[in-house]
Amino acid sequence: MKNITVIGAGTMGNGIAHVFAQYGFNVLLVDVVQSSLEKGLQTIAKNMERQVAKSALTEEEKTLALGRLKTSTDLTTAVSSADLVIEAATENSQLKLDIFSKMDAAAPAHCILASNTSSISITKIASATKRPDKVIGMHFMNPVPVMKLVEVIRGYSTSDETTRAVIDLSIALKKVPVEVNDYPGFVANRILMPMINEAIYTLYEGVAGVEEIDAVMKLGMGHPMGPLRLADFIGLDVCLAILRVMYEGFGNSKYAPCPLLINMVAAGKLGDKTGEGFYTVSRETKEVRISPAFV
Ligand code: CAA
């Protein structure tokens, strides 16, 4: 595999494009909006600069990696010579079905169609194509250049050959692939999201404050971020969407999203991406403080 097309230049898409370019693949980054592509490329350059400063990458490797990145706003032509496409668009099931149907029509027959979805069924996504054996989940974690895991999700019809290819590809990116089956939330979010939701319930019921809840999990369990800080980092809208997929998919009330989470999303307090969630993050200084609503 040489030619990788990444759909979506947001946080996950630019992180995925970053690691593929870093490890020698030709990458075509696609988004509907030109300014998102420019922002994505700037983020990749900034994160590679950070790696150079930490001696994780040489200046020459950075220049070569950036040279392997190209951009496009046209999905159809962008997949026409791809060996693997990885979709990292917004978590919206209809949007993903549309993208996969278009990619299936335009991509070469050998091309694997992967999704970075955090919770939408791979089997359902595959149903929009005529190649369900070549559709698979390749779920990276944020920040992509740092986190080692790739959750490799086999849909109902995903072939052994496709799974093997994606496992080998993950290893080529110096990641650790873990193979799982296609059920709501897969493994990562099935375990992570109930913990985050429970942390929000703990705050909502007044058991403890934001700082105290996060301190318990950081200092007591060795988590790098507390669950409320992590929820802000992931995006509260993303957490809510994943919990809803699990609530609906299992029909089990244990996945019911906390009313406080629902309210915060309705109020547009989505965490780091809007500058306010459980914490506020200053755009200029990046300083993190407890949000006024929770002081
Ligand atoms: N690109 C490149 N390098 C980056 C980076 C980026 N975007 N972000 C951080 N880094 C590097 C830093 O340069 C630093 O490198 P060194 O170890 O060589 O010094 C290292 O990562 C640690 O970063 P910092 O020192 O700036 O900060 P930190 O020690 O507080 O770590 C963190 C930051 C890595 C994000 C850490 O807090 C962490 O691991 N948090 C948990 C993240 C997590 O759980 N992610 C999964 C979220 S769930 C998900 O993504 C899936 C989903 O479907 C919702």
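**Close-up views of a predicted model**

**View 1. Cys239 is a buried residue of the predicted model.** The relative accessible area of Cys239 is 1%. Cys239 takes part in no disulfide. The nearest cysteine sulfur belongs to Cys258 and is 12 Å away, whereas a disulfide would need the two sulfur atoms within 2.5 Å. Cys239 therefore has no sulfur partner within the cut-off of 2.5 Å.

**View 2. Cys111 is buried as well, with a relative accessible area of 0%.** That value is under the 20% cut-off, so Cys111 counts as buried. The structure as a whole holds zero disulfides.

**View 3. The chain is assigned two domains, domain 1 (3-181) and domain 2 (189-294).** Their C-alpha centres are 26 Å apart. Five residues from domain 1 and five residues from domain 2 make up the contact.

**View 4. The interface of domain 1 and domain 2 buries about 470 Å².** Carbon and sulfur atoms account for 58% of this area. On the side of domain 1, Ser118, Ser119 and Asn142 supply 69% of the area buried against domain 2, more than any other three residues.

**View 5. Polar and charged features at the interface of domain 1 and domain 2.** One residue pair is in polar contact between domain 1 and domain 2, with both residues at pLDDT 80 or more. The side of domain 1 that touches domain 2 consists of one nonpolar residue, four polar residues and no charged residues.

Technical notes:
Residues numbered from 1 in each chain as written. Predicted model: local features only at pLDDT ≥ 70, side-chain atom pairs only at ≥ 80, totals over all residues. Heavy atoms only, no water. Domains from an automatic or database assignment. Contact = heavy atoms within 4.5 Å. Buried area = accessible area lost by both parts, 1.4 Å probe. Polar contact = N/O pair within 3.5 Å; in protein donor to acceptor, adjacent residues only side chain to side chain. Nonpolar A, V, L, I, M, F, W, Y, C, P; charged D, E, K, R; others polar. Buried < 20%, exposed > 50% of the residue type's maximum accessible area, 1.4 Å probe, protein only.
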